[in-house]
Amino acid sequence: MGRVTDASTLQFRRLNTRKGLAVQSSRAQVDIDLYPRVMAQRLRQLELLELIEGEVADLQHSNGRITGVMLDGGTEVRAPNVILTTGTFLAAVMHRGDQQTVGGRIGDGASHALAHTLSELGLRTGRLKTGTVPRLRPSSIDWSKTELQTETDPNGRFSFGPRVERPGRIDCHIAYTNEQTHDLIRQSLHRSPMYSGAIVGRGPRYCPSIEDKVARFPERERHLLFLEPEGLQADRIYVNGLSTSLPVDVQEKMLRTIPGLQNADMVQAGYAVEYDFSDPTQLGHDLQHSGLRGLFFAGQVNGTSGYEEAAAQGFVAGVSAAKGDVFHVERSEAYVGVLIDDLVTRGIGGEPYRMFTSRAEHRLLLREDNADRRLMHQGRALGLIDDVTFRAFEERLDSIERAESVLRATTITPKSEIVTLLRSGGIGSLRQPTTAADLLRRPGVSWDQLRSVLSLPDLEPNAARQVEIDLKYEGYVARAESRARQARRLEESTIPPNVDWSALQGLSTEVRERLTKAQPSTLGQISRMPGITSAAVTAIAAWLHSGRNGS
């Protein structure tokens, strides 16, 4: 996905750059036509992959294990493992005002037969809601009344392999709603299916529709809209931030109130989708269903929101199914570990789950800049990293380690000529012997500044930035790693299977009920379960270490 993204990126931006490294991330605007075309080409090149087009209508199973799927035309596809990635299509209904249409996306139908199958199997399911935005014709927008948003990282990319040529570059723009827009929305809320009762599923709290924004934040004078071209050849602008299920006539009136969009031609109106999801607490960490072996679930069918969360789950389920073993990533290793553990341990809490940095207790360790150092070896072990990419990674790692060794070993004495040189380089003064590493730790001092006054190795920009980060955050990272080790010890405290929690003394009835339902496998999972107090965790830990767990 990273490679295909890089081959179809139109704009690359770094987000949250005014905040700390733990919450900074990259965002690529990709060509909506080119991305699936390149991805399909890559998939067709895989020797062991066979693509079969058809709707899965039923699941085949025997003795508590999946044996394959049945397509709607009656064709049976035998398989020891099946991964369901149904997105927003299970019993899906699209809403625009009081108009309801069967389907999970414009131009596509819904999967009713499979939804019925899951219900017959006894799976716990519910309803959720997502939404999309109006698309506008670019030539009908008055761009002079919008703000230009250029890319902030022209050389940014997601993959670590050889650099690929981008298809082109585009600029996005920013527009704003106003009180006139908000008044119109308030007057039309009774026509929104979210407020009329037509939609029963809950939408994502942190990615709300424009109706939700206006109703929940009445003090806001305006809301931000990003006008994003969908592709170099696509004659459509995606109005990011204007997700809505209001009737088409209200959407058109709404656009008329927004500077720059007064004469916009809406080529596709926004709409909401309501769909079935399956409770993810029925799954193990491999995303395999506990009641039907060989059946895996990944993506929005597990109650998550967004393509990134779906992709991460698809990877974990796919690797686990292929290996025949749980592909487990710790919460301190990657956000995918946090995501999967939250889903199977806590569930979604009644609304679509989104992966935020705030959900990760070890987020300082999970920075984007060290993703390769955290996970490249795992990718290599799975056979996903080619020799050229891995050699480049090892060379980069070696250059970082050598540079840091030089910095720690280089001591600068406060001689007058040295002090003058440091001041002229913007590094500051020096009163006592100091290592080059300590100089680099100073706020605002960069590798390039230090190298301009000292004899240091030559580093490519990304490696130089990694050296800066390693040294400036060294103390914080050490404390974070200590907390991660403590958390891993909890994960190593395993719970025996089939524990009779009702018989365990010192726990409340509510805690016993939650544990009986979840059947956690480690003390760490128990500590993260909703409704489980620290006193309960302590009592269970004492019970485990007393040896009575073997009874």
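Select Asn 370 first. Leaving out residues up to four places away in sequence, Asn 370 touches Leu 365 and Gln 466; contact here means heavy atoms within 4.5 Å. The model is a predicted one: local features need pLDDT of at least 70, side-chain atom pairs count only at pLDDT 80 or more, and totals for chains, interfaces and linings use all residues. Residues are numbered from 1 along each chain as its sequence is written, and side-chain values use heavy atoms, with hydrogens and water left out.

Asn 370 sits in the loop between H9 and H10. Helices (H or I, at least four residues) and strands (E, at least two) are DSSP runs, numbered from the N terminus. Is Asn 370 buried or exposed? Asn 370 is buried, at a relative accessible area of 8%. Buried means under 20% relative accessible area, exposed over 50%, and partly exposed in between (1.4 Å probe, protein chains only).

**Arg 367**

Stay in the loop. Arg 367 also lies between helix H9 (335–346) and helix H10 (371–381). Its relative accessible area is 3%, so Arg 367 counts as buried. Zoom in on its side chain: a polar atom there lies 2.9 Å from the backbone oxygen of Leu 364. Then show the contacts of Arg 367. Beyond neighbours within four places in sequence, they are Leu 21, Ala 22, Arg 374, Gln 466, Ile 469, Asp 470 and Val 477.

**Arg 135 and its strands**

Move to Arg 135, in strand E10. Arg 135 is buried, with a relative accessible area of 14%. Its side chain makes a polar contact with the side chain of Thr 132, at 2.7 Å. A polar contact is a pair of N or O atoms within 3.5 Å; within protein, one must be able to donate a hydrogen and the other to accept it, and residues adjacent in sequence count only if both atoms are side-chain atoms.

Tyr 238 in E14 is the bridge partner of Arg 135. Strand E10 (residues 135–136) pairs with E14 in the antiparallel sense over 2 bridges; strands pair if DSSP finds at least two bridges between them. Select strand E13 (residues 224–229) too. E13 and E14 run antiparallel, joined by 4 bridges. One of the partners is Phe 226, bridged to Asn 240 in E14.

Which residues of E14 (residues 237–240) are on its covered face? Ile 237 and Val 239 are, while Tyr 238 and Asn 240 are on the uncovered one. In a regular strand the side chains alternate between the two faces of the sheet.

**Cavity and pocket**

Next, select His 285, Phe 327 and Ile 340, which are among the residues lining the largest cavity. H9 gives the largest share of that lining, 4 residues. The lining divides into 5 nonpolar, 3 polar and 1 charged.

End at the second largest pocket. Of its 43 lining residues, those closest to its centre are Thr 281, Leu 283, Val 344, Thr 345 and Ala 518. H9 gives the most to this lining, with 5 residues. Helix H17 (509–518) and helix H18 (523–528) each supply at least two.

On a 1 Å grid over the protein atoms alone, a cavity is a set of points where a 1.4 Å probe fits but cannot get out, and a pocket is an open set with protein on both sides within 12 Å along at least five of seven lines; lining residues have an atom within 4 Å of a point. Ala, Val, Leu, Ile, Met, Phe, Trp, Tyr, Cys and Pro count as nonpolar, Asp, Glu, Lys and Arg as charged, and the others, Gly among them, as polar.
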